[in-house]
Amino acid sequence: MSVRVRYAPSPTGLQHIGSVRTALFNYLFARSQQGKFILRLEDTDRTRFSEAYVENLYATFKWLGFYWAEGPDIGGPSAPYIQSERLSLYQRYAQELVANGHAYYCFCADKRAQQNDQASEEGEDSGGFGYPRTCRSLDPVEAQRRADSGEPCVIRLKIPLDGTTVFDDLLLGTIEWKNVDINPDPVLLKSDGFPTYHLANVIDDHFMEITHILRAQEWISSTPLHILMYKAFGWDIPKLCHLPMVLGSDGHKLSKRHGATAVNEFRKKGYLPEALVNYVALLGASYKDGQDIYSLEELAENFSIKHLNKAPAVFDYVKLEWFNGQYIRMKTDDELAALLMPFMVEAELLADNDDGRIFMKKAVPLIKERLKYLSDAPLMLAFVFKDIPALANEELIPKKQDAAGTAKLLLTAKELLLAHGVAEHDVIEHAFREKAEALGCKLGDMLMPLRMAVTGTKISPPLFESIALIGIEKACVRIDAAVRQLQQ
């Protein structure tokens with residue numbers, strides 16, 4: 001049987017790192033087995049559903065560069081891939097469970113029971129309360145009559161009152177769960193005819209012929225319930241693999257308090273999708289010894305469930321930053337210029353036209369080695385377009401130097417620039433070295449105030465290349481402004 005896996009998000013929020021890691025592992029596993037990766041939208045939570053989250057889902061994976069073989073937007077043999085379009089299927093099979101004695105109608109309106117049902121559906125512990133099984137003992141004929149008459153009701157699964165449910169996990173091994181610890185008789189079909197997560201999940205996985213389920217370990221507590229449902233239907237159970245958690249540096253589940261978690265945030269910051277995919281693929285998995293950088297194809301070729309870690313993975317923003325820098329420097333200058341252009345346009349430094357593109361091609365070689373994120377470019381290049389704000393004297397004056405001496409050094413630097421130009425960087429740098437030696441000062445004592453006067457920062461692209469970008473005339477105007485300030 002061909003491997004079929006799925007990513008089944010609920011469109012109730014933005015795509016985040018944890019969900020992307022789940023999708024990526026499913027994709028890589030499918031590719032490694034020449035199988036199919038499927039997207040299914042579990043949109044039965046209508047109170048939190050938003051079409052904007054659906055659009056975010058599609059946009060996120062198009063940006064990341066890996067996609068599904070079947071899904072709502074591209075179709076496939078198991079369509080529809082949106083749960084709200086499959087309601088009649090869930091209703092039919094919920095009724096089947098009632099007919100064969102594995103489920104029953106419930107007419108209770110107990111608020112506490114409803115709250116615990118909601119907690120169970122979201123994968124949370126019910127806290128030992130749960131539904132008290134009030135309607136479980138109703139006469140089935142009488143319950144059917146009341147349901148047929150239109151009395152509001154839900155359908156609940158009959159959880160065995162004793163015994164254990166056992167299942168095998170491809171990563172964690174055999175897991176046993178006492179049935180008394182399963183949320184008591186959870187709702188499968190709500191009174192509005194919509195299924196809960198549990199019912200729709202099991203039915204869809206069966207009819208979409210899902211062979212393997214790779215999902216986060218937080219769903220382990222729901223698995224015994226799903227196993228009981230498969231058995232109640234008499235269906236084969238997919239192979240299960242519960243992936244290691246992704247934690248923050250403090251050992252708690254990764255969340256906003258640790259930094260960016262939504263993929264949109266990483267994209268806006270200026271991460272490259274290849275860097276994010278490469279790093280996320282390493283969270284809880286190993287591939288080849290001594291190798292960090294992988295293409296998507298290499299990740300798929302080397303992915304194996306046997307190489308997953310049982311222990312949680314820690315999300316390291318510093319390590320991700322390193323990956324991003326590596327991928328930035330792997331880009332050609334033309335590729336990087338195109339990637340940086342939107343950030344320059346958003347910062348209102350450039351227009352996306354021929355002049356803007358020509359400028360970026362000149363600027364990229366100067367900043368490429370210094371970029372950590374694409375969003376660094378406007379900060380590094382702002383001095384070309386914007387006037388330098390007034391600087392405090394201490395920002396201009398080198399150590400062991402005074403204002404008058406620094407002003408003289410700046411005027412000397414101006415003379416050298418006008419005499420030699422900056423077209424030949426080796427020539428102008430040699431001229432500065434000779435002059436510093438003749439004046440008996442360090443080369444840095446000449447270059448530091450010049451850099452501050454011209455760019456407004458000690459951290460900028462190479463100095464003489466920066467002056468070439470803005471032009472000697474504008475550089476001299478800025479030098480004169482700094483000198484006047486020092487002479488006040």
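Let's start with Ser249, which sits in the loop between strand E10 (246–247) and helix H8 (263–269). Helices (H or I, at least four residues) and strands (E, at least two) are DSSP runs, numbered from the N terminus. Please keep in mind that this is a predicted model, where local features need pLDDT of at least 70, side-chain atom pairs count only at pLDDT 80 or more, and totals for chains, interfaces and linings use all residues. Residues are numbered from 1 along each chain as its sequence is written, and side-chain values use heavy atoms, with hydrogens and water left out.

Is Ser249 buried or exposed? Ser249 is exposed, because its relative accessible area is 68%. Here buried means under 20% relative accessible area, exposed means over 50%, and partly exposed is in between, with a 1.4 Å probe and protein chains only. Setting aside neighbours within four places in sequence, Ser249 is in contact with His258 and Val314, where contact means heavy atoms within 4.5 Å. Val314 is 65 residues from Ser249 in sequence, yet their C-alpha atoms are 6.2 Å apart in space.

Thr261 is also in the loop between E10 and H8. Thr261 is buried, with a relative accessible area of 11%. Again leaving out neighbours within four places in sequence, the contacts of Thr261 include Gln15, His16, Ile17, Phe266 and Tyr317.

Now for the strands. How are the strands E3, E4 and E7 paired? They form an open sheet of three strands in the order E3-E4-E7, and the pairing is antiparallel. Two strands pair if DSSP finds at least two bridges between them. Strand E3 (103–106) and strand E7 (187–189) are the edge strands, each pairing on one side only. On average, neighbouring strands of this sheet are turned by 45° against each other, direction ignored. Strand E4 (residues 154–157) pairs with E7 over two bridges, in the antiparallel sense. Ile155 has Leu189 in E7 as its bridge partner. Helix H3 (residues 87–99) packs on the sheet and touches E3, E4 and E7, and its direction makes about 105° with that of E3. For such angles, axes are lines fitted to C-alpha atoms, for helices over the stretch in contact, and angles run from 0 to 180 degrees between N-to-C directions.

There is a hairpin to look at as well: it joins E5 to E6 through three residues. Strand E5 (residues 164–169) and strand E6 (residues 173–178) run antiparallel and are joined by six bridges. Thr164 has Lys178 in E6 as its bridge partner.

Let's finish with two helix pairs. Helix H12 (residues 333–346) and helix H13 (residues 354–367) pack at about 110°, with their axes 9 Å apart. That makes H12 roughly perpendicular to H13, a label for angles of 65 to 115 degrees, while under 35 counts as roughly parallel, over 145 as roughly antiparallel, and the rest as oblique. Among the residues that meet here are Leu336, Leu340 and Met344 from H12, with Phe359, Met360 and Val364 from H13.

Where do helix H16 (residues 403–420) and helix H18 (residues 443–455) come in? Their axes come within 9 Å and cross at roughly 80°. H16 is therefore roughly perpendicular to H18. In this contact, residues including Leu409, Leu410 and Ala413 of H16 meet residues including Met446, Pro449 and Leu450 of H18.
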